[in-house]
Amino acid sequence: MSQAAMTLSERADELEEQMMHELNEKIATKSVLFGMADGKVEIQNGNDLLAKNPGKYFLMGADKRLPAMPDRPTLIDFFKLRFASTAHLLQSAKHAMRNGLSEKTILACLLHDIGVVSFIRCDHGYWGAQMIEPYVDEEVSWAIRMHQCLRFFPDESVNYKYPDQYIKLFGPDYEPEPYIQEEYKRARGHKWYMTSRMITVNDIYSFDPNAKVELEEFTDIIGRNFRQPKEGLGWDNTPASHMWRTLNWPTRFL
Ligand SMILES: [Fe+2]
Ligand SMILES: [Fe+2]
């Protein structure tokens with residue numbers, strides 16, 4: 001295609017692609033999911049990309065456009081280098097701490113939305129729970145998984161109302177889908193219901209731009225309640241390791 005025939009956004013895409021390849025000296029590719037966010041179901045053809053980049057190979061490791069990760073990354077490294085925004089998590093955990101909740105509950109609040117800030121919004125409670133499951137008490141991952149559904153249901157016993165923020169975000173007519181309703185019923189009767197409920201109670205829906213909470217305030221709680229693998233997250237051969245590796249190397253070809 002000639003330059004003149006290209007639209008502005010096509011030209012921007014081409015420039016971006018060129019920059020991506022030059023920085024890495026290898027060919028970085030986008031996974032299908034990344035394109036779906038732009039409304040396209042398509043896959044980049046490997047052979048076409050090789051033909052366009054003579055002498056180059058596909059990226060199979062770190063993407064140099066992203067902050068470099070240490071060889072044995074810890075949860076704190078992921079907080080600092082891969083989580084796009086941590087204010088909401090820190091403020092929620094601080095709230096739980098001020099309310100005198102247990103360390104497990106504070107940790108659950110600190111980690112409850114890591115799915116959103118590092119990975120994907122859809123079903124973020126389930127993704128987040130899965131990421132941490134091998135490293136925390138089962139109560140913590142269960143609570144994070146279930147906050148996905150509990151957020152939508154009030155509990156007057158702890159003064160939790162349906163969030164105004166959700167009316168703003170989803171409209172007044174939004175109703176949780178059947179799978180959320182079913183999950184809520186299961187959670188309601190569970191022995192750890194209140195732990196998960198406390199995530200929703202301490203979830204800060206409206207951000208205080210002046211609140212400044214440091215991750216260091218939670219170093220000890222993380223140390224006592226998150227079993228950091230000595231090999232580093234991603235290199236430790238658990239059912240969640242591949243998720244941490246993918247966050248570390250999100251543009252690895254395969
Ligand atoms: Fe959440
Ligand atoms: Fe949240």
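Analyst: Of the contacts in the protein with a separation of 6 or more, 72% are between residues 24 or more positions apart; two residues are in contact if their C-beta atoms, placed from the backbone, lie within 7 Å. This is a predicted model, in which local features need pLDDT of at least 70, side-chain atom pairs count only at pLDDT 80 or more, and totals for chains, interfaces and linings use all residues. Residues are numbered from 1 along each chain as its sequence is written, while chains are lettered from A and ligands numbered from 1 in the order in which they are written.

Here are the surroundings. The protein has 14 helices and zero strands; helices (H or I, at least four residues) and strands (E, at least two) are DSSP runs, numbered from the N terminus. Its C-alpha trace spans about 65 × 45 × 35 Å along the principal axes. The domain assignment gives domain 1 (8–52) and domain 2 (75–248), with bounds that come from an automatic or database assignment. The C-alpha centres of domain 1 and domain 2 are 33 Å apart. Of the 254 residues in the protein, 28% are buried. A residue is buried if 20 or more other C-beta atoms lie within 10 Å of its own, exposed if 12 or fewer, and partly exposed in between.

Now for the close look: helix 6. This helix covers residues 103–111, and seven of its nine residues are buried. They are T105, I106, L107, A108, C109, L110 and L111. These buried residues pack against several helices, among them helix 5 (87–98), helix 8 (124–132), helix 9 (138–150) and helix 12 (193–202).

Take the partner helix 12. Helix 6 and helix 12 pack at an angle of about 55°, with axes 9 Å apart; axes are lines fitted to C-alpha atoms, for helices over the stretch in contact, and angles run from 0 to 180 degrees between N-to-C directions. That angle makes helix 6 oblique to helix 12. Angles under 35 degrees count as roughly parallel, over 145 as roughly antiparallel, 65 to 115 as roughly perpendicular and the rest as oblique. From helix 6, T105, A108 and C109 meet T195, M198, I199 and N202 of helix 12. By class, this contact of helix 6 with helix 12 has four nonpolar, three polar and no charged residues. Here Ala, Val, Leu, Ile, Met, Phe, Trp, Tyr, Cys and Pro count as nonpolar, Asp, Glu, Lys and Arg as charged, and the others, Gly among them, as polar.

Two other partners of helix 6, helix 8 and helix 9, also pack against each other. Their angle is about 170° and their axes are 7 Å apart, so helix 8 and helix 9 are roughly antiparallel. Helix 8 contributes H124, G125, Y126, G128, A129 and I132 to the contact, and helix 9 contributes S141, I144, R145, M146, H147 and Q148. The classes here are five nonpolar, six polar and one charged.

One residue of helix 9 is worth a stop: H147. With 25 other C-beta atoms within 10 Å, H147 is buried. Leaving aside neighbours within four places in sequence, H147 is in contact with H112, G125, S196, I199 and T200. The C-alpha atoms of H147 and D203 are 9.8 Å apart, although 56 residues separate them along the chain.
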